Amino acid sequence: MELNTKQIKYIDDLLYDSGVKFWDVRIEMLDHVVSEIEHEPHSNLDFKKTVFEVFKKMGWKENFNGSNFEEIIKDHHNSFSKKVRKRFSKAMKEDFSNPVIISISLVLLYAFYEVAHYKELFKYFSLLILLGLVFPMIFFFTRKMFYRSIHLNHASSIAFFSLSIFNCFIYLPKMFFDFNVFNYPILVALIFGITTIQTALGIKFFFKEFEKTNDVYKKLMTL
């Protein structure tokens, strides 16, 4: 039995209502469900019943919070997390073997060290750097497709990790040990410099992942 567009849309909507919100997970599961139904000899007799039978084979469970495929989604999270971490690690190794990036990183670390001696100047310098990092992130985070992709969710988590824990390096020493990082230019240079470098390279990595995922998404929308 070959499914028509309306039937495929019904399955897609049902997957969404069953808690499969990420389009890249849903399209993979949709392909599997359609394939199973089309190879089922009696699926044309009771289409909806056949859909639920296939769902149950895949691990569908009654769940009042709407997450009926909890285990499958968890497996996809683990799988995508491993793939993204592996790609990110490879990208970082390639970047830090590039003489240009190494040179820029050293210059940036030195610039932070020198500017850290002048608190007022450092405030404006770090603000300028921060704005340069934040604007690309705002662009990505305002894309609707970003929030519906499990791939991009994991890519953003690892790409912007250092920026997300930045405040810990600044305020925790002061909170627990009464230690002011800003009194030590070398520490300021290391914390701000490494965070800036890692975030900039993270944005570069995420942009590539975003482009690849966006291309796939656009192709799917034309089908």
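**Oblique helices and a pocket**

Reader: Which residues of α4 meet which residues in α8?

Author: In this predicted model, α4 contributes His 76, His 77, Phe 80, Ser 81, Val 84, Arg 85, Arg 87 and Phe 88, which meet Ile 150, His 151, His 154, Ala 155, Ile 158 and Ala 159 of α8. The contact of α4 with α8 has seven nonpolar, five polar and two charged residues.

Reader: How do you know that Arg 85 and Arg 87 are the charged residues there?

Author: Asp, Glu, Lys and Arg count as charged. Among the residues that meet are Arg 85 and Arg 87 of α4, and the count of charged residues in the contact of α4 with α8 is two.

Reader: Why are α1 and α2 called oblique to each other?

Author: Helix α1 (residues 5–17) and helix α2 (residues 23–38) have axes that cross at roughly 130° and come within 10 Å. Roughly perpendicular ends at 115 degrees, and roughly antiparallel means over 145. The angle of roughly 130° lies between these limits, and therefore α1 and α2 are oblique to each other. Their crossing is right-handed.

Reader: Which residues make the contact of α1 with α2, and how do they divide by class?

Author: From α1 come Ile 8, Ile 11, Asp 12, Leu 15 and Tyr 16, and from α2 come Arg 26, Met 29, Leu 30, Val 33, Val 34 and Ile 37. Nine are nonpolar, none is polar and two are charged.

Reader: What makes α2 oblique to α3?

Author: The two helices pack at about 125°, with their axes 10 Å apart; α3 covers residues 47–58. The limits of 115 and 145 degrees apply again. About 125° lies between them, so α2 is oblique to α3. The handedness of this crossing is right-handed.

Reader: Which residues meet in α2 and α3?

Author: Met 29, His 32, Val 33, Glu 36 and Ile 37 of α2 meet Phe 47, Thr 50, Val 51, Val 54, Phe 55, Lys 57 and Met 58 of α3. By class, eight are nonpolar, two polar and two charged.

Reader: How much space lies in the second largest pocket, and which residues are closest to its centre?

Author: The second largest pocket holds about 360 Å³ of space. It is lined by 17 residues, and Ser 126, Leu 127, Leu 130, Phe 166 and Phe 192 are the closest to its centre.

Reader: Which helix gives the most to the lining of the second largest pocket?

Author: Helix α6 does, with seven residues. At least two residues come from each of α6 (119–141), α10 (166–177) and α11 (185–221). The lining has 12 nonpolar, four polar and one charged residues.

How values were computed: Residues numbered from 1 in each chain as written. Predicted model: local features only at pLDDT ≥ 70, side-chain atom pairs only at ≥ 80, totals over all residues. Heavy atoms only, no water. 1 Å grid on protein atoms, 1.4 Å probe; cavity = no way out; pocket = protein on both sides within 12 Å on 5 of 7 lines; lining within 4 Å. Points joined across faces, edges and corners; volume = space filled by probe spheres on them. Helix = DSSP H or I, 4+ residues; strand = E, 2+ residues; numbered from the N terminus. Contact = heavy atoms within 4.5 Å. Axes fitted to C-alpha atoms, helices over the stretch in contact; angles between N-to-C directions. Parallel < 35°, antiparallel > 145°, perpendicular 65-115°, else oblique. Left-handed = near helix turned anticlockwise from the far one by under 90°.
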